[in-house]
Amino acid sequence: MNKKKKVVVQLPAQAKTQSVAERYALELEALDQVAEIVEVQARTSSEFAQAAADADAIITSWGIQIDAEVIAGLKKCVVIGVGSVGVDMVDVEAATAAGLVVTNVPDVFIEEVADHALMLLLAAGRRTPTMESMVRDGRWFEGRPLLSNVPRLLGQTLGLLAFGNVARCTARRAAAFGMRVIACDPYVSELTITEAGVEPVSFDELLRRSDYLSVHAPLNVETHHLLNADAFARMMPHAVIVNTARGPIICEADLISALRSGQIAAAGLDVLEQEPPAPDNPLLTMDNVVLTPHVASATTRMRPETRRRVGREVALVLRGRWPMSCVNPTVMPRVPLERWQPYPMNRGPNR
């Protein structure tokens, strides 16, 4: 019988009252026949690199960055499985250079994030925190004058920054409210965008025409601080920004200035540049900002299905097969994996 592979897990802290087999039962549904899971106790990348040196695979979600130092120390690893859509906790370029497959879970909790994006859009647009404060503070009659200056949602333009899975679901929801939807994504065919009833536009058009702008792009060198002072200056003063993607896509200092000056009207943010935010972050006290604690994907289904999916992806690679979702497909010619299905071509690099 072949010896089982070693999968090192680097996941958020979990209760230690159960055995490893019990704690990682969901991942082991797919992995049990081919691998064993080993937890690594590490506080730094160096400690993790030392402990994971002989791993055949790594599973990660949040915590220690799987950076170039960690990757350089991996002697046997063939795959890094990421339990999220975004893969910014892994140095994908370093992994690709080392011939490692990086997988993610791009289609497990898409509907949930789209729901949350619409919730933030509505709450920010209708100034829900301010309305609630008025009721609680005995300022009942102040709400109507404020909202009398807010256009109704019907006929407003929703701009989507990127047109991946979440953005497409968000577009369908926005259409039900009678919104016009436009999208900017240089990695998605215009035909794909128009087939969804959405108008493809340039980045400048997106900024100038969006009454509401919803961010769905991955965080990378192209998108870091893409929404900054220059971008806000090109937007309409009644515009509302929603972000359920990654905090650093927006330059937070510039956003705060734009909100304070009235350059843009409001924001609904599930993600921030620093998480959790510093207690003195001005966003915490601004009445034209709706904040949630990076929970857009959170439902009863999200965590169990994400863990099952990341286990299946890693198991596929350890069995010598191509994963369902690879974020660095250019590594494919360099690894001895069976391509048992075509990899998707209807989305961008997702990183």
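Helices (H or I, at least four residues) and strands (E, at least two) are DSSP runs, numbered from the N terminus. This is a predicted model, where local features need pLDDT of at least 70 and side-chain atom pairs count only at pLDDT 80 or more, while totals for chains, interfaces and linings use all residues. Residues are numbered from 1 along each chain as its sequence is written, and side-chain values use heavy atoms, with hydrogens and water left out.

Now step back into helix 9 itself, residues 165–176. Its expected span is 1.5 Å times one less than its number of residues. Which residues of helix 9 are buried? They are Val 166, Ala 167, Arg 168, Cys 169, Thr 170, Ala 171, Arg 173 and Ala 174. Here buried means under 20% relative accessible area, exposed means over 50%, and partly exposed lies in between (1.4 Å probe, protein chains only). The cover over these buried residues of helix 9 includes helix 6 (110–125), strand 6 (157–161), strand 7 (180–184) and helix 10 (190–195).

Strand 6 leads us on to strand 9. These two strands run parallel and are joined by four bridges; two strands pair if DSSP finds at least two bridges between them. Leu 158 stands opposite Tyr 212 in strand 9. Strand 9 also pairs with strand 10 (residues 240–243), again in the parallel sense and over four bridges, and here Leu 213 stands opposite Ile 241. In a regular strand the side chains alternate between the two faces of the sheet. In strand 9 (residues 212–215), Tyr 212 and Ser 214 are buried on one side, and Leu 213 and Val 215 are buried on the other, so both faces are covered.

The largest nonpolar core has 30 residues, and Leu 227 and Phe 232 have the most contacts inside it. Such a core is a set of buried Ala, Val, Leu, Ile, Met, Phe, Trp, Tyr and Cys residues joined through side-chain atoms within 4.5 Å. Among the elements that give two or more residues to this core are strand 7, strand 9 and helix 12 (229–233). Helix 13 gives the most, with four residues. Look at Phe 232: not counting residues up to four places away in sequence, it touches Leu 227, Ile 241, Ile 250 and Leu 255, among others. Contact means heavy atoms within 4.5 Å.

Next, find Pro 282, in the loop between strand 11 (266–269) and strand 12 (289–291). At 22% relative accessibility, Pro 282 counts as partly exposed. Leaving aside its neighbours within four places in sequence, Pro 282 is in contact with Ile 256 and Arg 260. Its C-alpha atom is 9.9 Å from that of Ser 257, 25 residues apart along the chain.

Finally, look for open space. On a 1 Å grid over the protein atoms alone, a pocket is an open set of points with protein on both sides within 12 Å along at least five of seven lines, and its lining residues have an atom within 4 Å of a point. The largest pocket is lined by 46 residues, of which Val 85, His 216, Ala 217, Pro 218 and Ala 245 lie nearest its centre. Helix 9, where we began, gives the most to this lining, with three residues.

Note on methods: 1 Å grid on protein atoms, 1.4 Å probe; cavity = no way out; pocket = protein on both sides within 12 Å on 5 of 7 lines; lining within 4 Å.
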